Amino acid sequence: MIPSVFRGSPIRDLLDKSVAGERLTLEDGVRLFETDDLHALGWVANHVREARHGDTTYYLKNRHINYSNVCKYDCMFCSFYRSSIDQEGAWEWSVEQVLLHVAPYKDSGLREFHIVGGVHPHLPFSYYTDMLRALKEAHPGVALKAFTAIEIAYFAELTGKSLREVLTELKHAGLQMLPGGGAEVFADRVRYKVCRDKADADRWFEVHETAHALGIPTNATLLYGHIETTEERVDHILRLRDLQDRTSGLKSYIPLAYHPDGNRLQKLGAPTGVDALRNIAVGRLLLDNVAHIKAYWIMLGIKTAQLALSWGANDIDGTVTWERIYHMAGSQTPEGMTEERLREVIEEAGRLPVERDAFYNVVQPLGAPA
Amino acid sequence: MTRDTSLERTYEKAAAHERLTYDEGVALIERGDTHILGALAHRRRLHLHPEPVVTYIIERNINYTNVCITYCRFCAFYRRPGHDESYVLAYEQIGKKIEHLLEHGGVQILLQGGHHPDLRLTWYEDLLRYIKERYRVHVHGFSAPEIEHIAGIEGLSVRETIERLRAAGLGTIPGAGGEMLVQSVRDRIAVLKTTTEDWLNVHRTAHELGMRTTATMMFGHYETRAERVEHLLRVRELQDETGGFTAFILWTFQPENTPMHRVRKLESHEYLRTTAVSRLFLDNVDNLQASWVTQGPRVAEISLLNGVNDMGSTMFEENVVSAAGTTYAMSSDAIEKSIRALGFEPRRRNVYYEELTV
């Protein structure tokens with residue numbers, strides 16, 4: 001079963017455990033992050049990925065809506081936010097402007113709006129529900145994946161309502177899914193140093209658990225490559241695994257590489273391509289209860305994302321079209337990809353491109369038998 | 001999915017550092033498991049270079065002209081004679097670029113250009129003498145096609161042309177123009193360019209004269225995977241004969257702005273697999289370079305675990321690949337940072353892969 005070249009691997013026991021489908025421990029996770037035997041790690045993550053998904057690799061047609069970058073918070077890793085609308089490079093869109101920006105996508109086969117902004121100091125809660133309602137009305141076929149747990153927690157603060165009430169109102173306005181952002185690294189030590197204004201880990205989990213209870217699926221992320229330790233990475237992933245054991249509400253896990261340009265952690269530099277693949281692989285192996293591991297090309301770069309498809313990832317995200325958060329941090333990727341090009345990239349990796357919707361339902365190609 | 005057990009014997013041969021046949025090379029590149037190929041290539045690299053070191057060179061790229069009458073269909077860099085954007089650098093301009101390089105601790109220039117119809121051998125000789133009289137810098141210059149072109153203009157043999165350039169100061173010859181050493185493919189992408197046999201012959205001649213050269217491969221256009229192995233085989237055969245190649249450098253074709261822009265562009269999956277197979281197949285070429293110019297720093301880092309032992313050069317300016325829409329840059333600091341992050345020690349080298357003390 002294990003190829004001869006990996007039989008003498010220092011992580012041989014973890015290869016065996018993973019192939020047998022046994023759950024890995026925190027200590028196992030640390031060893032996987034620290035092993036020098038990268039190829040054995042890649043092989044077993046790929047093995048697990050293929051056992052689960054074969055060659056199927058998902059992509060979707062989506063569009064990002066970064067409605068505003070004005071933010072009350074001041075996270076050290078962020079190049080996107082501006083503290084007020086008066087600052088250079090700041091914007092906030094009215095609901096009408098949001099509609100205008102996405103009007104060209106009417107009936108284009110788009111499957112998802114990914115809607116994320118700053119934690120805006122002045123906009124009323126009605127702005128967000130109005131935006132969702134207006135988008136739903138204008139684009140009924142497009143799923144609304146909106147607001148990170150940080151934004152949701154802030155809405156509760158803003159309105160004095162419970163998370164359950166806030167999420168219920170958003171759901172009634174059209175919210176269908178939460179993105180996985182704002183997770184950063186759950187460890188208090190790290191959050192205190194790099195994003196102390198933000199909702200803490202318990203609150204992040206509370207938002208996601210409440211969403212799951214209301215039938216709103218979510219994604220989850222890890223922002224790696226800054227000041228976190230290996231143990232903190234593994235702890236982060238295992239907390240997600242515990243949540244998923246309780247709720248089964250996580251659709252995908254997305255490790256995000258820290259990008260250094262234009263923020264206060266700049267001196268750290270970018271994490272390596274090898275670290276990117278390692279994060280994908282370890283995520284795949286530890287999260288035995290999460291179906292999908294996403295290689296988010298807009299952040300990894302299309303080349304590393306393509307390689308990640310052999311390291312445990314089975315999803316490459318979407319056409320995106322317009323992206324600001326990573327591009328303001330120096331991402332060199334284009335801001336969008338055509339569907340044709342995404343399919344080519346997946347095919348070069350020897351995989352089968354399959355279009356999905358926001359919820360990982362396969363989109364039947366036009367003309368396919370029902 | 002790669003669940004191929006029939007390759008087990010080939011994997012074992014590769015692991016035992018045995019020579020692979022053409023058929024075995026083809027089987028690996030077509031059906032080999034990506035991770036097994038990577039692991040075997042990395043082992044081979046550590047076998048050849050046991051010290052935990054990755055080398056690179058402080059070198060400046062200088063393209064003395066973009067005028068070219070060879071009209072390769074994969075090229076976005078050249079301009080026809082008389083074109084508004086055509087140029088020939090003056091010696092003084094080249095001198096300025098060299099001064100900039102020397103200020104940054106550089107030791108070598110990569111001096112290449114198009115096939116200019118009007119520049120005579122004396123222009124090249126005078127340029128080399130101009131450089132060598134003024135600067136302490138190694139000239140890694142021209143390419144087999146440029147040398148053949150100059151020889152043709154002068155009615156000289158390749159040997160005489162190389163001897164004269166060498167006497168004027170040429171140090172070594174880069175492997176550019178290798179493209180794909182399969183004539184049927186060359187006929188489709190560069191019908192007027194040096195043939196496969198002539199490319200090999202220029203390098204053979206240089207090696208016979210005691211001059212070292214490198215070999216390259218540009219892939220990801222019309223060739224099959226088997227034809228990539230055929231290319232590797234041609235390089236390996238000549239290396240068996242002469243031992244004159246210092247390194248092998250492979251990169252993916254960048255189609256943008258070229259007449260071949262409809263070719264499906266390769267990203268990195270095939271690049272890394274082809275890199276690993278190159279390391280295993282080219283058992284007689286010591287060094288394998290990363291192509292961060294086409295692949296970017298992140299994939300270059302990954303390549304260091306897939307058979308690569310050298311990060312190439314700092315370039316300073318790059319005109320050919322960037323004309324085709326791909327622009328990456330790596331300073332010596334960035335190169336060293338990448339190397340260290342992978343657990344290797346960065347060392348500066350010269351063209352002969354001798355480590356330099358800084």
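Predicted model: local features only at pLDDT ≥ 70, side-chain atom pairs only at ≥ 80, totals over all residues.
**Entry 1: the contact between chains A and B**

I looked up who takes part in the contact. Chain A brings 28 residues and chain B brings 29 residues. I then asked which helices of chain A supply at least two residues each to the side that touches chain B. I found α3 (38-53), α11 (273-286), α13 (302-308) and α14 (339-348). The largest share on that side of chain A is the six residues from α3(A). By residue type, I read the side of chain A that touches chain B as eleven nonpolar, twelve polar and five charged.

**Entry 2: the largest nonpolar core**

I noted that the largest nonpolar core holds 217 residues. The members that touch the most other members are A:I152, A:A295, A:A308 and B:F248. The most residues given to this core by one element are the eight from α11(A). I went on to B:F248 and left aside its neighbours within four places in sequence. B:F248 is then in contact with B:A215, B:V235, B:S278, B:L282, B:V285 and B:L288.

**Entry 3: B:G113**

I located B:G113 in the loop between β3 (108-112) and α5 (121-134) of chain B. Is B:G113 buried or exposed? I count B:G113 as buried because it has 24 C-beta neighbours inside 10 Å, and 20 or more are needed for that label. Outside the four places in sequence on either side, I found B:G113 in contact with B:N63, B:Y64 and B:T65. I also checked B:E59, which is 54 residues from B:G113 along the chain. The C-alpha atoms of B:E59 and B:G113 are separated by 16 Å.

Technical notes: Residues numbered from 1 in each chain as written. Chains lettered and ligands numbered in written order. Contact = placed C-beta atoms within 7 Å. Helix = DSSP H or I, 4+ residues; strand = E, 2+ residues; numbered from the N terminus. Nonpolar A, V, L, I, M, F, W, Y, C, P; charged D, E, K, R; others polar. Buried ≥ 20, exposed ≤ 12 C-beta atoms within 10 Å, placed from the backbone. Core = buried A, V, L, I, M, F, W, Y, C linked by C-beta atoms within 7 Å.
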